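Take a look at the chain shown here.

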Amino acid sequence: QSNNRRRRVSGVLNEGSRGLNIVTDAGDLWVIDREEIDPDLIGCRVTAEGVQTGYDRLQVEWIGEI
């Protein structure tokens, strides 16, 4: 069942009131659940892969600059 909740999202990594997030080109906002993210990625375009754990939350397994 987790396969249908797997997501790959791309956009700009930002810091927001709810923590780190990715804003996609379509304007969707994904809140990132991951303890360690390279601070140099903030403000950059990234792709993240993981499992959707809530309406707009992504438990990230991998994130990298694109």
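## A loop residue and its surroundings

Threonine 24 sits in the loop between strand 2 and strand 3. Strands (E, at least two residues) and helices (H or I, at least four) are DSSP runs, numbered from the N terminus. This is a predicted model, in which local features need pLDDT of at least 70 and side-chain atom pairs count only at pLDDT 80 or more, while totals for chains, interfaces and linings use all residues. Residues are numbered from 1 along each chain as its sequence is written, and side-chain values use heavy atoms, with hydrogens and water left out.

Is threonine 24 buried or exposed? Threonine 24 counts as buried because its relative accessibility is 13%. Buried means under 20% relative accessible area, exposed over 50%, and partly exposed in between (1.4 Å probe, protein chains only). Not counting residues up to four places away in sequence, threonine 24 touches Ser10, Gly11 and Trp30. Contact here means heavy atoms within 4.5 Å.

Glycine 11 belongs to strand 1. Valine 9 is also found in strand 1. Asparagine 21 lies in strand 2. Their relative accessible areas are listed here.

| Residue | Relative accessible area |
|---|---|
| Glycine 11 | 0% |
| Valine 9 | 7% |
| Asparagine 21 | 8% |

Which residues does glycine 11 contact, leaving aside its neighbours within four places in sequence? They are Ile22, Val23, Thr24, Cys44, Arg45 and Val46. Glycine 11 is 55 residues from isoleucine 66 along the chain, yet their C-alpha atoms are separated by 9.0 Å.

Valine 9 touches Ile22, Trp30, Val46, Thr47, Ala48 and Leu58, not counting residues up to four places away in sequence. From valine 9 to aspartate 25 is 16 residues in sequence and 9.9 Å in space, C-alpha to C-alpha.

Asparagine 21 has contacts, beyond residues up to four places away in sequence, that include Val12, Leu13, Leu29 and Trp30.

## The core

A nonpolar core is a set of buried Ala, Val, Leu, Ile, Met, Phe, Trp, Tyr and Cys residues joined through side-chain atoms within 4.5 Å. The largest one has 13 residues. Those with the most contacts inside it are Leu13, Ile22, Ile32, Ile37, Ala48, Leu58 and Ile63. Two or more residues each come from strand 1 (6–16), strand 2 (19–23), strand 3 (29–33), strand 4 (45–52) and strand 5 (57–65). Strand 5 gives the largest share, 3 residues. In soluble globular proteins, nonpolar side chains tend to be buried together.

Alanine 48 contacts Arg7, Arg8, Val9, Ile22, Leu58, Val60, Trp62 and Ile63, leaving aside its neighbours within four places in sequence.

## The whole chain

The chain has 0 helices and 5 strands. Read along the sequence, the pattern is β-β-β-β-β. Its C-alpha trace spans about 35 × 25 × 25 Å along the principal axes.

Buried residues make up 36% of the 66 residues. Of the contacts between residues at least 6 apart in sequence, 47% join residues at least 24 apart.
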